[in-house]
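These are my notebook entries on a structure that I looked up element by element. I begin with the terms and then proceed to the chains.

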Amino acid sequence: MSQIRNPLPNRIKLIWGISAIGSLLVLLIVTGLFWLAQTYWNWAAWLTVTMLVIAIGEPIVETALIPYRYRFTRYMISDTAVEMQAGFIFKKRVAIPIARVQNVTLNAGPLLQWQKLSKVTVATASTTHTIEGLELAIAEQLRDQIMQLAREARHDQN
Amino acid sequence: MTKTKRTHPLGLLDHLAKSVKNWWPLLLIILAQNQSWWGKLLIPAAILIFVIWPLISWWSISYRITPTALEFHSGILVRHHEHIPYARIQTVQRKQWFYLAPFHLEEVSVETASHEDGKPEVRLAAVTPDVAALIDRYRQAANAIPTDNSTATSAEPVATPPVQATYALTSRSKWQFILTSTGFIPILLVALGIYGKLPHDLIERLGSDLAHFSVLLLIGGALVIALGAWLFTAVMLLIRYYRFRATRTNDQIQVAKGLFQRNTITVPLQRIQAIRFKQTIFRQWIAIQTTQLLLASRAAAEDNNDDLVLLPAVTQQQSYADLHPFVDWTPTTAPDLTALSVTNGRRWLLVRNALLIALVPVAIATWLWPTWNALFDIVLIIAFGQGLFAANNTGGSLVNHHLLVLQTGHWWTRETYLVPLAKIQSVRLRQSIWMKRTHLMHLTVNVRHGNNNQAIALRYLTAQQAESIYDWYRMNAN
């Protein structure tokens, strides 16, 4: 498989980092609940320990994988098609012709909004595909490109 | 017919049936508790549900057929108003229960490609046949002239169009089709599961004299159940495919079948997402296969996973020749599918995967019930065979610049898909890190199917084979 050119915007790494911290916090809270259950309801101690290991291990793995995740996630938008690529051990690549796109959804949580990025979901008549983060300008350009094509009102395909 | 109309009063039966289907436990409770005071309290509720509600819901449904759109109004508390332009209609389905036939009434369902709900956009429980005929005429006019608006509206007098192709089941192919159906297997498995729970106390009750017959009894009982399940599916198929007939007129295909409920589905040719030949291993032995249309609506949901059966049983060498009169863009003879085949060393990979999937459950089962060891080994042999079957049946090629043919072998069933370029929604390549070294790749072609996606996956192609299809698609899809 040849390489697709564009990597995601660099700032996406920061967002992935923050969301790893987020999952650390959530998992620590869950661990705390297990600890409370252990002290007050005599739940088994190994449950708390296992949970603690997961709470610390999962964010570490998540953080450690960020450079790889960044390096192997790519996209390309041309006049005729959107292409996406992801994964290293299991590499996937998908082509979605612009003419098949039914709708484009831009989606940004608080973190993405803060970084002026947007998640882009492209839906065809049967499948949906997501790019995890794009510069807002590029995302809007893609949306406009597809809207333009829709206005040119090709004879309905489906 | 530009007035807003209600469906025929006999449509009430349909609403009543729906109420009974949803609320039948209430009826049972009332019958069981007819002495007690609170049982009587439920009677007004029952009247509301089984009499008043069906009446109101029948009353709330109305429709109007205008030259530009089909309008449908429904809902009691929340009113729904649907406007469907004729060009957006995917399928029109007419169902006639036997009790509606004397009154010349039928149920009409109209579906578009929208993803919403699992049900048709318009459903008229009891209307006269001229409703479907009128919708049909407007639709043909809307589809036939996409550019010139001035003529599109004058749809009124259209002569009955010539029939271009027909197909009816001959009794020989009908019996081949019915007797080789594998529909009984799921029923059989469930029935055997129940049966497996019975014998213990049953045999004990028969006494120890009969204990040595128990194995015979077990096997005999299992055979009876198998035969019963098989007969049941055969009868069901006979009823469902009674007087099967497919016809093509102009740009649409019509399929009619059924005994107690006559079911007629009309599809415009351009709405066909893909065509599939399906052949289980039993049917491979007698060389017949089924031709199905993959549609973007759920009209055929009762058939077989949303596929509309076009030709139930055709001999393998006739498949393409019989299909071509119905669908113009299909080839007239079987194309050579070796361009995307899995050969030699790569076949072993599919066998290995099938064995790996079977191995874990078999190992656990053998460990838990060592006495049944031999039975579990059969599973491994079946898995081995399935791997080989998948490898031998994988194939495909680009028949022409606009048509891709793909063939797969899943679950002892060979499926051949004819997919027009314009209907492929996306194409995906997958490659694991180990396959990179050996230059192998999986190819997935996505097409719309019912309200979902049909992923057609060809595994363990060479990178060159897979990429050639991917590049063809990327370059030409617009």
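I took helices (H or I, at least four residues) and strands (E, at least two) as DSSP runs, numbered from the N terminus. The model is predicted, and I noted that local features need pLDDT of at least 70, that side-chain atom pairs count only at pLDDT 80 or more, and that totals for chains, interfaces and linings use all residues. Residues are numbered from 1 along each chain as its sequence is written, while chains are lettered from A and ligands numbered from 1 in the order in which they are written.

Entry: two positive phi values.
I looked up B:Ala287 and found it in the loop between α9 (281-285) and β13 of chain B. Its phi is near 55°, a positive value in a residue other than glycine. I called a residue buried if 20 or more other C-beta atoms lie within 10 Å of its own, exposed if 12 or fewer, and partly exposed in between, with C-beta atoms placed from the backbone. B:Ala287 has 14 C-beta neighbours inside 10 Å and therefore counts as partly exposed. B:Trp411 lies in the loop between β16 (403-410) and β17 of chain B, and its phi, near 45°, is also positive. With 11 other C-beta atoms within 10 Å, B:Trp411 is exposed. I noted for context that most residues other than glycine have a negative phi.

Entry: strand β12 of chain B.
Is this strand enclosed or open? Five of the seven residues of β12(B) (residues 274-280) are buried, so the strand is largely enclosed by the rest of the structure. I counted two strands as paired if DSSP finds at least two bridges between them. β12(B) runs antiparallel to β13(B) (residues 288-294), with five bridges, and B:Ile275 stands opposite B:Leu293 there. Six bridges join β12(B) to β17(B) (residues 413-420), again antiparallel, and B:Lys278 faces B:Glu415 in that pairing.

Entry: the nonpolar cores.
I defined a nonpolar core as a set of buried Ala, Val, Leu, Ile, Met, Phe, Trp, Tyr and Cys residues joined through C-beta atoms within 7 Å. The largest has 78 residues, of which B:Leu310, B:Val419, B:Val445 and B:Leu461 touch the most other members. Strand β14(B) (residues 307-315) supplies the largest share of this core, six residues. Another core, of 21 residues, lies apart from it and includes B:Leu70 and B:Tyr138.

Chain A has four helices and seven strands. I took the radius of gyration over C-alpha atoms, and the globule rule as 2.2 Å times the number of residues to the power 0.38. For chain A the radius is 21 Å, well over the 15 Å that the rule gives for 158 residues, so the chain is more spread out than a compact globule. Its C-alpha trace spans about 70 × 30 × 30 Å along the principal axes, and 25% of its 158 residues count as buried.

I counted residues as in contact if their C-beta atoms, placed from the backbone, lie within 7 Å. The contact between the chains takes 24 residues from chain A and 24 residues from chain B. Which element gives the most to the chain A side? Strand β4(A) (residues 90-97) does, with eight residues. Six bridges join β4(A) to β18(B) (residues 424-432), which run antiparallel, and A:Phe90 stands opposite B:Ser432.

Note on methods: Contact = placed C-beta atoms within 7 Å.
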